[in-house]
Amino acid sequence: MEIDYRLERPLKLHARLMVTGLTVLLGESGSGKTSLLRALAGLLRASGRPFDGLRPEERRVGFLPQGYALVPHLTALENVALPLAGREARAEALRWLERVELAPLALRRPAELSGGERQRVALARALALRPRLLLLDEPTSALDASTREAAVDLIERVVRAEGLPTLLVTHDPYVAARARSLAVLEAGTVRQQGDPEQVFARPATLGIARLVGFSNVFAGRVRRHVEGGVEIATGEVVVYAPTKTPPPPDAPVHWGVRPEEVMIVRPDRPLAGPVARNRLEVQVRRIVRKGLAYTLRVEGPLALDVTLPRHVQDRLRLAEGDRIEVALKPRYVHLFSSEASS
Amino acid sequence: MTEAFLLSFRLASLTALTLLVLGVPLAYALVFKRVPLKPLLEAVLLLPLTLPPTVLGYYLLVLLAPEGVLGRWGLDWAFTFQGIWLGSVIFSLPFALTAFREAFQAVEPEVLEVARTLGLSTLKRWRRVLLPWVWPGLLSGTLLAFAHTLGEFGVVLMIGGNLPGETRVASIYIFDLVQALEFEEAARAASVFVLLSFVLVLGVRFLEARWRSITGSNAR
């Protein structure tokens, strides 16, 4: 389904994207993701295709807001039966609850269900509408890590089985990675859409790069063209980046490297080849434990975030204040298009 | 005594019913709709809360007198049952309105919006979503208005005076008895009042608990 929507309030937004299967729209909070969904559901004034001019009651668009919006005084079954009519309503509602593996809890009220279970009730209710389009607003934001995975699994499975065009908005890169198609909303427009892998590997702009996890991004200038790529000067640092479309010499560019892809050079294992070029002497400023990994802040000619798996840190035993050498493998150094300079 | 209590009941029932019909749409609009000059409107509606009953009664008496602004338009209701009914409605409006508003405020607008996307018409949304959610609050507000009117004295006395069978309600009846030093009859009437008020307050408390169990159930 092709979507082309314009909003004026509460913010200016023009979104054009294709919704095929599970399509994820990634964007920072405040970028207008929720407003776009509300507009598609007919709850916010907007113009565009499809559904132009139809009232929410006439659109047959399933909308799952962040809070799920279950009716508190109705049971799970009655909630799912809301869009249904006729004598078969209860039986059909039960079938939808079975689809989300919640039939045994059919007679419970929302207050007696966990967050994940409420979400599944809301999903079953939206499906019972037999919608032409399904909208999910931040479905994982209120769930803990273990429920989150199960929730995305279920959504993916149901959406695929029903062949239902689904637009899921999130700022969670984990969810984005599971999409069939990934679109990124930035500055009031869809800046990039494609395969999640492609978007993650080649973010079109600086903002998208940050959104998908590039935190080490720098401004620089093309120093000269070299075999298979360019040399970029950032301050006194010269970094080699491979590219098939080198920007002209002296052009301002942005380049970045993911914290997971910064290597720490061990003194006992010297590096060879092109890697030897992108080496920096730095000092460890801060070490923060994050789940099963550590995030290091290192400073030298450049300040970088470095993510270190626990087993690596257990071996290296780095401490704040240590002087170390890091390497930026050229294949992980990514050049961003110049339009991203804003 | 029976006559006075029956009159009080008639007045309180009519007032509560009027407030239900008038107050529910008003409260709904104040909570869910964009109303111009909302703070000003709310202040005017809640004014009787702080106004001495005699002041409100005085203005109504002046307006409803045969040569008053409203009296000249056919509403010469001074010293009539209609007069004390109008006074009671205005005087109890803040109580009922506050209770109704609280009931609607507990409703998440998002639930109503999603109900629209599920294809439910306005009528169905009221019947299946909104009313089952708010009815205890609406009923408790109505009961409050009823109880409040039952105990009404100042406004009724100012507008209605003391006409047996027309405006002499139970509270004024007791006042009269005490003035005439008939303490035995006054004591009996007063004890009926205590009993009535107790039952009413108990009922409101019960509804509030029931209402909380509905709205509380939506906690995430």
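In this predicted model, the largest nonpolar core holds 150 residues, and those that touch the most other members are A:Val80, A:Ala124 and A:Leu135. The element that gives the most to this core is helix α4 of chain B, residues 81-105, with 13 residues. Chain A takes part through two domains: domain 1 (2-204) and domain 2 (214-341) both give residues to the core, so the core lies between them. As general background, nonpolar side chains in soluble globular proteins tend to be buried together.

Setting aside its neighbours within four places in sequence, A:Val80 is in contact with A:Ala93, A:Trp96, A:Leu97, A:Val121, A:Ala124, A:Arg125 and A:Ala128.

Which residue is the bridge partner of A:Leu135? It is A:Phe63. The two strands involved are β5 of chain A and β6 of chain A (residues 133-137), which pair in the parallel sense over 4 bridges. Along β5(A), which covers residues 61-64, A:Val61 and A:Phe63 point one way, while A:Gly62 and A:Leu64 point the other way. Are these residues of β5(A) buried or exposed? All of them are buried.

Staying with chain A, have a look at helix α1, residues 33-41. Why can α1(A) be called largely enclosed by the rest of the structure? Because 8 of its 9 residues are buried. Among the buried residues of α1(A) are A:Lys33 and A:Arg38, along with A:Leu36, A:Leu37 and A:Leu40. Just after the helix, A:Gly42 takes a positive phi of about 90 degrees.

Chain A also has an open sheet of 5 strands, in the order β14-β18-β15-β16-β17, with antiparallel pairing. At its edges stand β14 (262-265) and β17 (303-309), each with a single partner strand, so one side of each is left without a neighbour in the sheet. From one strand to the next, the twist averages 45 degrees. For β14(A), the pairing is with β18(A), residues 323-328, in the antiparallel sense over 4 bridges. One point to find on screen is A:Ile264, whose bridge partner in β18(A) is A:Val326.

Now turn to chain B. How many helices and strands are there in chain B? There are 9 helices and 0 strands. The C-alpha atoms of chain B fill a box of roughly 65 × 40 × 25 Å along the principal axes, and buried residues make up 39% of its 220 residues. Among its contacts between residues at least 6 apart in sequence, 76% join residues at least 24 apart.

The unreviewed UniProt entry lists residues 12-31, 43-65, 77-100, 133-159 and 186-207 of chain B as "transmembrane region". Two of these spans can be compared with the model. Residues 43-65 of chain B are 70% helix and 0% strand, with end C-alpha atoms 26 Å apart. Residues 77-100 of chain B are 83% helix and 0% strand, and there the end C-alpha atoms lie 29 Å apart.

Finally, we come to where the chains meet. The contact takes 21 residues from chain B and 22 residues from chain A. On the side of chain B that touches chain A, the elements giving two or more residues are α5 (109-117) and α6 (122-150) of chain B. Of the elements on that side, α5(B) gives the most, with 7 residues.

Terms used:
Residues numbered from 1 in each chain as written. Chains lettered and ligands numbered in written order. Predicted model: local features only at pLDDT ≥ 70, side-chain atom pairs only at ≥ 80, totals over all residues. UniProt positions renumbered as here; feature names shortened; annotations may be inferred. Buried ≥ 20, exposed ≤ 12 C-beta atoms within 10 Å, placed from the backbone. Pairing = 2+ DSSP bridges. Axes fitted to C-alpha atoms, helices over the stretch in contact; angles between N-to-C directions. Contact = placed C-beta atoms within 7 Å. Core = buried A, V, L, I, M, F, W, Y, C linked by C-beta atoms within 7 Å. Domains from an automatic or database assignment.
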